[in-house]
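Me: I'd like to go through this structure with you. Could you start with the terms and then take my questions?

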Protein chains: 2
Amino acid sequence: MSKVDFTSANGQYAATFGDRANLGIPPSKKLIVVTCMDARLNPSDFLGLKDGEAHVIRNAGGLAKDALRSIIISQRLLGTKDIAVIHHTNCGMLTFTDSTLRSKVTEAHSGDARVSEAVKSFEFGAFSELDKSVKDDVSYLKENPLVLKEGNISGWVYEVETGKIREVV
Amino acid sequence: MSKVDFTSANGQYAATFGDRANLGIPPSKKLIVVTCMDARLNPSDFLGLKDGEAHVIRNAGGLAKDALRSIIISQRLLGTKDIAVIHHTNCGMLTFTDSTLRSKVTEAHSGDARVSEAVKSFEFGAFSELDKSVKDDVSYLKENPLVLKEGNISGWVYEVETGKIREVV
């Protein structure tokens, strides 16, 4: 089986680690970024965030609902307030539907009842309209009783074609 | 309400975006990294990953169970195989228990039945032993029928005191 070797790159990183060891746990900007796992996104770079400034939650699509557990822990235990939800152009989530993915997984394991059972009611959260997906997620967070009301909740689109972000809501 | 302004930093980023616009959706290293949202962690830096190489999933603790939806989408639709689970020293998840956080949230909204109801059975996934949390997550992924068997699944600890990673399993 293949395996990625991090040794050399991590050794170089640790050699110039410097005073980052002194950073505290609570994010200094009291900010949570929720964005996609996409390999082309480097949120700390495209937002200009330094180490220690913000919690960064990433999942397929940058879905707010999937981030709720993390947001509660971040706000209630580690003092964050504002949330920026950032989806992006050319996202994989725009390329399928939940039912096609369920079929694909089920068919790949034909005969395994555990798989078909596990995937049957799985919510993958595919979406078909990018700006709407951002607005829906911001609304979800604003309406959720478990999310703090005193912070600003904003929604953005990151363009993988240009590196620019655009505020949606 | 406060609001973080990304305009200046993002403008600088986009100005030197270069040929990153040509990167494809599937991660070139066929790798998924699952790690914590902690503000001190910059996984692409401490692992030496370049743009386009790996999906990066981040949540409170870097919990595998919370990443399952994203892992399925990554492996089944975007061709990834290997998974590296990376928890870290001095993690917020080591500082509470699910029941103390449930009580904290409930008390903060005394009188709001929606909150107490919503938080009652919420699994926050706090853990008390760091290495064990990594081993448990790797086992969870290896045993889960929805996770591909042909990739390598490894478990690591990142040290916020030194910037070094250590393989656990």
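Reply: Contact here means heavy atoms within 4.5 Å. By that rule, 82 residues of chain A are in contact with 82 residues of chain B. This is a predicted model, where local features need pLDDT of at least 70 and side-chain atom pairs count only at pLDDT 80 or more, while totals for chains, interfaces and linings use all residues. Residues are numbered from 1 along each chain as its sequence is written, chains are lettered from A and ligands numbered from 1 in the order in which they are written, and side-chain values use heavy atoms, with hydrogens and water left out.

Me: What area is buried between chain A and chain B?
Reply: About 7200 Å², with 63% of that coming from carbon and sulfur atoms. Buried area is the accessible area (1.4 Å probe) that two parts lose on being put together, summed over both.

Me: Which three residues supply more of chain A's share than any other three?
Reply: F6(A), M37(A) and R69(A), which supply 11% of the area that chain A buries against chain B.

Me: At what angle do α4(A) and α3(B) pack?
Reply: About 75°, with the axes of α4(A) and helix α3 (residues 68-78) of chain B 11 Å apart. Axes are lines fitted to C-alpha atoms, for helices over the stretch in contact, and angles run from 0 to 180 degrees between N-to-C directions. Helices (H or I, at least four residues) and strands (E, at least two) are DSSP runs, numbered from the N terminus.

Me: So how are α4(A) and α3(B) oriented to each other?
Reply: Roughly perpendicular. The classes are: under 35 degrees roughly parallel, over 145 roughly antiparallel, 65 to 115 roughly perpendicular, and the rest oblique.

Me: Which residues meet there, in α4(A) and α3(B)?
Reply: L101(A), K104(A), V105(A) and A108(A) from α4(A) meet I72(B), I73(B), R76(B) and L77(B) from α3(B). By class, that contact has 6 nonpolar residues, no polar ones and 2 charged. Ala, Val, Leu, Ile, Met, Phe, Trp, Tyr, Cys and Pro count as nonpolar, Asp, Glu, Lys and Arg as charged, and the others, Gly among them, as polar.

Me: And within chain A, how do α4 and α5 pack?
Reply: Helix α4 (residues 98-108) and helix α5 (residues 113-120) of chain A pack at about 170°, with axes 9 Å apart. α4(A) and α5(A) are therefore roughly antiparallel. R102(A), V105(A) and T106(A) meet V115(A), S116(A), V119(A) and K120(A).

Me: What about α4 and α5 in chain B?
Reply: The axes of α4(B) and α5(B) come within 9 Å and cross at roughly 170°, so α4(B) and α5(B) are roughly antiparallel.

Me: Is C91(A) buried or exposed?
Reply: C91(A) counts as buried, at 3% relative accessibility. Buried means under 20% relative accessible area, exposed over 50%, partly exposed in between (1.4 Å probe, protein chains only).

Me: Last one: where is S154(B)?
Reply: S154(B) is in strand β4 (residues 153-158) of chain B, and counts as buried at 5% relative accessibility. Leaving out residues up to four places away in sequence, S154(B) touches K3(A), I83(B), A84(B), V85(B), V138(B), E167(B) and V169(B). S154(B) and D82(B) are 72 residues apart in sequence and 8.1 Å apart in space, C-alpha to C-alpha.
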